[in-house]
Amino acid sequence: MIDIKKCPYCSSQNRSLIAEQTHEDKYLALVDKELNQKRRFLYKCEQCDFIYRSPMVSEEEARVLYSKYRSFEFRKITPSDYFDKMTAIPESESETYAKAKYIKENIQNIHSILDIGCGGGIFLYQLNKIFPNSYILGLEPNSDYAKMVRDKMNIDVVEDFYKEDNIEKIFDLTVSTDVIEHIHDLDIFWKATINNIHKGKYLFLEIPSIDNFEHLDISHDVFESPHLYFFDKEHIIEFGIKYGFELISDKKVVNREVYKDWYIFKKIV
């Protein structure tokens, strides 16, 4: 694990302590159970209000974590069974269907969709119902889940993490749910979107909200080691502007007590 001495967003060293995490973090145990013996903290930057953890898992440790993150040994469910379970949920009760519906209500003329970190393909399944004539592509580094999505949905899935030049096509809609808060390099995601979204088309983000700090105990899963950062709305808007996007819609939602922020951006350059 690596100690973070300054804010990853603005480089300020002025920070306030939000919480110390002393509970057993099941994700750290996937890397090395001894890591739970380290003192772990969440900080808020005094200059820009960005929230980050220190120490945080290194990129090498994160690769180990994610290699086991979706395994049967950890999840206790096969990729196929997970897909069947989640897609059997009625639309009126489905969180992923609600996301797809929100997108449909705010944008039009979608003929191609990229899902970054598509996991079990549940969001793609719902988007395919909402935009039935669109070409869809998944990006998922876990081979078992990528293969399952190919088999279940008969679509292409690229087995990789999202970065520049690993997706050649350009899309009308790129979606990313619970991804950017896991990425060490704050800019790498946004740099990739420049080449993967048509001008005038859309990016949808779902991220854990900083409101969770007001409502949940610090031992809650949402605060554990895979989540490196917590973005405020202003941080997300600033990233969008920096890379040629404007915010056209946002919404705060609560699913199973966890607060999430939804953002829809339009590419303007």
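**View 1. One cavity in the predicted model.** A search of the whole structure returns 1 cavity of 30 Å³ or more. A cavity is a set of points, on a 1 Å grid over the protein atoms alone, where a 1.4 Å probe fits but cannot get out. The largest cavity has a volume of about 50 Å³. Volume here is the space filled by probe spheres set on the points, with grid points joined across faces, edges and corners. Its lining consists of Ile180, Ile183, Asp185, Leu186, Phe189, Trp190 and Phe231. Lining residues have an atom within 4 Å of a point. This is a predicted model: local features need pLDDT of at least 70, side-chain atom pairs count only at pLDDT 80 or more, and totals for chains, interfaces and linings use all residues. Residues are numbered from 1 along each chain as its sequence is written, and side-chain values use heavy atoms, with hydrogens and water left out.

**View 2. Nonpolar cores.** The largest nonpolar core has 45 residues. Phe50, Phe189, Trp190, Leu205 and Phe231 have the most contacts inside it. Another core, of 30 residues, lies apart from it and includes Ile113, Ile130, Ile136 and Met148. A nonpolar core joins buried Ala, Val, Leu, Ile, Met, Phe, Trp, Tyr and Cys residues through side-chain atoms within 4.5 Å. Buried means under 20% relative accessible area, exposed over 50%, partly exposed in between (1.4 Å probe, protein chains only).

**View 3. Surroundings of Trp190.** Neighbours within four places in sequence are left aside. Trp190 then contacts Leu203, Leu205, Ile236, Phe239, Gly240, Tyr243, Phe245 and Phe265. Contact means heavy atoms within 4.5 Å.

View 4. Helices (H or I, at least four residues) and strands (E, at least two) are DSSP runs, numbered from the N terminus.

**View 5. The β10/β11 pair.** β10 and β11 (residues 258-267) pair in the antiparallel sense over 10 bridges. Strands pair if DSSP finds at least two bridges between them. Val253 has Lys260 of β11 as its bridge partner.

**View 6. Asp232 in its loop.** Asp232 lies between β9 (229-230) and α10 (233-242). Asp232 is partly exposed because its relative accessible area is 28%. Beyond four places in sequence, Asp232 touches Ile210 and Tyr263. Asp232 and Ile210 are 22 residues apart in sequence, yet 6.4 Å apart in space, C-alpha to C-alpha.

Conventions. On a 1 Å grid over the protein atoms alone, a cavity is a set of points where a 1.4 Å probe fits but cannot get out, and a pocket is an open set with protein on both sides within 12 Å along at least five of seven lines; lining residues have an atom within 4 Å of a point.
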